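User: Got a structure here I'd like to walk through. Can you take my questions as they come?

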Amino acid sequence: MHFCMTGQYTPKALNGILENPTVSRYEAAKKLIEAAGGKLISMYSTATNGPGVLVIFDVPDPSSAPAISGTVVAAGAIHNVNLTRLWTQDEITKVRQKAAELRGSYRPPGG
């Protein structure tokens, strides 16, 4: 399952970045995600609402995604985190097919 996590770096993290500007944040994210059984798909720096990050990753167990974001927040690396489930085109096709099946059997109350 694919997820997108965004957040802004905390002052503590920004100080660490300024003290060690060549340290790879990508490798740190990759290591954490792989420890959860997942795969880092891509990682971008952002400037919206302050210096931040956008990470797209794939995990086989959906409970791993909030565990990953919680670990990063607890470590003081980022705050204002948003975690969004992403759907591949194959996955969303299945969702649409299921919705089409259910459509005929659903009647809203009073409708």
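User: First off, what kind of model is it?

Analyst: It is a predicted model.

User: How many helices and strands in the protein chain?

Analyst: The secondary structure comes to four helices and four strands. Along the sequence, the pattern is β-α-α-β-β-α-β-α.

User: What order do the strands take in the sheet?

Analyst: The order is β2-β3-β1-β4. The sheet is open, and the pairing is antiparallel.

User: Which strands stand at the edges?

Analyst: β2 (39-46) and β4 do. Each has a single partner strand, so one side of each lacks a neighbour in the sheet.

User: By how many degrees are neighbouring strands turned against each other?

Analyst: On average by 15 degrees, with direction ignored.

User: What packs on the sheet?

Analyst: α2 does, touching β1, β2 and β3. The direction of α2 makes about 145 degrees with that of β2.

User: Now β1. Why call it largely enclosed?

Analyst: Because six of the eight residues of β1 (residues 2-9) are buried, the strand is largely enclosed by the rest of the structure.

User: How many bridges does β1 make with β3?

Analyst: Seven, in the antiparallel sense, with β3 spanning residues 52-58.

User: What about β2 to β3?

Analyst: Seven bridges join β2 to β3, and they run antiparallel. K39 stands opposite D58 in β3.

User: What should I keep in mind about side chains on strands?

Analyst: In a regular strand, side chains alternate between the two faces of the sheet.

User: Switching to α3. Which residues are buried?

Analyst: In α3, the buried residues are S64, A65, I68, S69 and V72. They sit on the same side of α3, because they cover an arc of only 135 degrees around the axis.

User: Why would a helix line residues up like that?

Analyst: An α-helix has 3.6 residues a turn, so residues three or four places apart point the same way.

User: What covers the buried residues of α3?

Analyst: The cover includes β1, α2 (25-35), β3 and β4.

User: Where does A67 lie, and is it buried or partly exposed?

Analyst: A67 lies in α3, which spans residues 64-74. A67 has a relative accessible area of 45%. Buried would need under 20% and exposed over 50%, so A67 counts as partly exposed.

User: How far is A67 from A36?

Analyst: Their C-alpha atoms are separated by 8.4 Å, while the two residues are 31 residues apart along the chain.

User: What follows α3?

Analyst: G76 follows α3, with a positive phi near 85 degrees.

User: Zooming out. What radius of gyration does the protein chain have?

Analyst: The protein chain has 18 Å; a compact globule of 111 residues would have a value near 13 Å. The C-alpha atoms fill a box of roughly 60 × 30 × 20 Å along the principal axes.

User: What share of the residues is buried?

Analyst: Buried residues make up 23% of the 111 residues.

User: Last one. What share of contacts comes from residues 24 or more positions apart?

Analyst: Of the contacts with a separation of 6 or more, they account for 62%.

Note on methods
Residues are numbered from 1 along each chain as its sequence is written. This is a predicted model: local features need pLDDT of at least 70, side-chain atom pairs count only at pLDDT 80 or more; totals for chains, interfaces and linings use all residues. Side-chain values use heavy atoms; hydrogens and water are left out. Buried means under 20% relative accessible area, exposed over 50%, partly exposed in between (1.4 Å probe, protein chains only). Helices (H or I, at least four residues) and strands (E, at least two) are DSSP runs, numbered from the N terminus. Two strands pair if DSSP finds at least two bridges between them. The arc is that of the directions from the helix axis to the C-beta atoms. Contact means heavy atoms within 4.5 Å. Axes are lines fitted to C-alpha atoms, for helices over the stretch in contact, and angles run from 0 to 180 degrees between N-to-C directions. The radius of gyration is taken over C-alpha atoms; the globule rule is 2.2 Å times the number of residues to the power 0.38.
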